[in-house]
Amino acid sequence: MTDPTKSKESYALFRPMLKTRLLDERMRKLFRQGRFKGTYFSAVGQEATNVGTGTHMREGDILAPSHRQLGAMVARGITAKRVMAQVYSKAESPDGAQQHPCHFGDPQLDIVSPTGHVAIQVVLAAGAAYAYLMDAWREGKVKINWDKEGIVWAGNWTLEEGHEMNCAFSFFGDGATAKGDFHESLNFAGIHKLPVVYVCENNLWAESAHLTENVPTEKVSDRAAAYGMPGITIDGNDIFEVNRVVGEAVRRARRGGGPTLIECMTYRWYGHSEIDPADYRTEEEVAKWKERDPLLVFRATMEERGEWDEEIVAKIEAEINEEIDEAIDWVEEESTDPQPDQFLDVTFRTSSLNEVVRREWEKRDG
Amino acid sequence: MAEMTLIQAITDTMWSEMERDEKVFVLGQDCGRYGGVFKATAWKSQEDGSPDQSEKMYDRFGPLRVLDAPLAENAIIGGAIGSAIAGYRPIAEIQFMDFIDCAMGHIVNQAGVMSFKTNGSWCCPLTIRTPFGGDIGGGITHSQSNEAWFCHAAGLIVMTPSTVEDAAGLLRTAIRCDDPVLFIEHKKLYRSVKGEAPTDPDFMVPIGKARIHQSGSDITFVAYGNMLIRAMEATRILQKEGVSVEVIDPRTLWPLDLDTIVNSVCKTGRCVVISESHSSYGFSSEIAARVQEGAFWNLLSPIRMISAPDTPYPFDPAMEKAYLPSVETILKAAKGAMEND
């Protein structure tokens with residue numbers, strides 16, 4: 001039987017997932033048409049992992065993404081316009097067009113754009129989570145439980161019943177787990193029971209390197225044991241499963257239960273970037289994963305429940321396409337090009353330091 | 001005002017900033033219960049300027065604000081950056097500057113670019129304190145002076161105090177600054193340099209302002225840290241010989257106060273730059289290049305660059321002595337400059 005309330009919740013997950021897909025496919029096309037520069041990192045195929053996680057974010061929760069987190073950002077509320085401003089390197093972009101098109105971030109939504117240095121972001125998330133713990137402690141909500149000698153306390157604290165902390169969201173791929181930064185972050189978070197959720201998008205390939213060339217254990221989640229935190233491997237293409245498992249981890253983190261490593265098995269349909277033919281994979285493997293398209297998995301579940309509604313889907317799709325069309329029209333016709341020298345004025349918050357940089361530049365070109 | 005050591009002024013400044021702003025906190029290896037390997041995060045001073053050992057920073061501010069971080073430079077710096085984004089003002093200690101290379105990616109490609117990559121929406125109010133320099137028998141990985149790496153990167157302020165007053169004033173500026181600051185402390189100076197600390201709890205030294213350590217008219221020395229101490233020894237000897245030396249301590253290595261340095265060389269016509277870091281692409285070559293640009297027509301002799309050889313840092317005491325620029329080296333260079341050859 002159709003449960004209308006449940007159905008509404010499901011479509012609230014479906015909408016950002018479809019928006020991510022349509023936006024992503026459109027941007028691939030725009031890039032291939034040469035309408036913006038750089039390259040493009042498609043996340044098609046990984047929407048469920050992103051949206052299933054991103055919908056759990058609250059204001060003030062930091063998202064430390066990798067370079068394939070369009071879905072998490074859409075779930076957090078980024079508009080198509082803002083995304084287009086970034087890929088087209090427009091003045092309205094959250095980064096002022098100073099970065100690569102796909103280093104998505106948005107300070108307004110507490111999203112820290114990634115660096116090209118894989119896994120550096122993973123450490124930043126632990127630091128933000130430590131700040132959340134300090135917030136709660138300063139508010140008197142954290143009780144430190146010293147050991148019986150009164151010497152050490154690390155990780156041994158309790159949060160006041162009913163209090164909830166902010167939570168940091170860390171995304172990374174399977175390749176990133178080979179880096180020392182991954183270890184140092186999870187180690188730190190594990191020691192202090194920090195409110196952070198680690199989401200590993202295991203899409204089997206780190207650019208051209210296969211999972212087994214980066215990870216010696218059967219599962220990425222096996223690594224969690226080394227950091228004293230729960231680790232779980234789930235179907236990253238089933239949005240209901242992702243949403244449920246991440247939700248439990250987020251709740252636990254907010255209530256002082258510590259971090260979780262969640263490995264989401266998923267797949268990127270296209271190359272590492274648009275200039276990568278991805279010829280290191282077999283066609284059979286790609287075809288197999290396309291059968292597990294997150295949108296099809298959603299549909300199958302909804303059909304099973306008798307809640308798949310073509311009319312609702314068509315309406316959502318039309319609304320999304322309208323937003324995307326508008327965003328493209330705006331970015332191509334109305335947005336502003338950045339000033340070629342504006343980058344000289346934003347390296348520091350202390351304006352006199354930007355003046356030092358500018359003077360040097362003017363001396364060269366003046 | 002009480003006379004105290006340079007390291008005591010550092011501790012006192014952190015202490016007073018932590019009293020003032022609850023968002024300021026300290027993290028690093030052995031920083032908490034142990035008070036740091038150099039005791040920089042241990043005790044504030046008492047009236048006579050000596051440490052008041054009745055209460056540690058850890059006990060005063062609690063274990064979360066004086067965090068015993070894991071032995072992991074990436075976690076310390078990367079974690080500090082994350083906390084800065086979440087509203088805090090971390091003071092991260094890297095136990096020896098030699099170890100800072102481990103966290104290079106976080107410093108250069110996260111802290112240094114945070115404002116830039118958010119088009120100025122976010123900043124990164126991070127202070128990294130770290131002891132640098134040799135002459136302590138520390139050998140290959142406890143003696144390095146790697147400041148040039150950071151001056152060469154974008155988005156970072158680099159400071160170093162060589163007096164007690166500057167230790168207080170510069171560190172306060174660093175902590176209150178909204179941009180990332182690498183604050184390097186010469187470990188040889190920690191307890192050998194003493195002086196009166198400013199009593200004003202808001203005393204600050206501006207970024208990018210050099211200090212004329214001693215005025216003179218015949219020749220300009222530019223140096224900081226232990227090399228400033230050696231430059232001053234050479235200055236006293238030269239003075240007895242009738243040579244008047246102007247000694248400039250840049251205090252901030254990036255951005256440089258070129259005006260003060262160039263003006264001095266325009267006046268004296270001679271310049272010796274002394275540093276204990278490697279000679280290639282280093283502090284000495286930077287100052288020499290910029291001074292010749294600004295004071296070319298006033299130069300009476302070539303600018304002399306004194307620095308360490310481009311080798312790793314040796315341990316054996318005789319080798320360490322040979323490695324570091326000595327007072328004699330400085331005298332020789334100065335005399336050459338005075339003879340205009």
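Which residue forms a salt bridge with A:K19, and how far apart are the closest N and O atoms? The partner is A:E323, at 3.1 Å. A salt bridge here is a side-chain nitrogen of Lys or Arg within 4 Å of a carboxyl oxygen of Asp or Glu. A:K19 sits in helix α1 (residues 4-32) of chain A and A:E323 in helix α10 (residues 310-333) of chain A, so the pair ties together parts 304 residues apart in sequence. Helices are DSSP runs of H or I with at least four residues, strands are E runs of at least two, and both are numbered from the N terminus.

Keep in mind that this is a predicted model, where local features need pLDDT of at least 70, side-chain atom pairs count only at pLDDT 80 or more, and totals for chains, interfaces and linings use all residues. Residues are numbered from 1 along each chain as its sequence is written, chains are lettered from A and ligands numbered from 1 in the order in which they are written, and side-chain values use heavy atoms, with hydrogens and water left out.

Over all chains, the structure holds 50 salt bridges, including these:

| Pair | Closest N to O |
|---|---|
| A:K19 and A:E323 | 3.1 Å |
| A:E47 and A:R21 | 2.6 Å |

As for burial (buried is under 20% relative accessible area, exposed over 50%, partly exposed in between; 1.4 Å probe, protein chains only), A:E47 is buried at 1% and A:R21 is buried at 7%. A:R364 is exposed at 59%.

Over in chain B, four of the five residues of strand β14 (residues 304-308) are buried, so β14 is largely enclosed by the rest of the structure.
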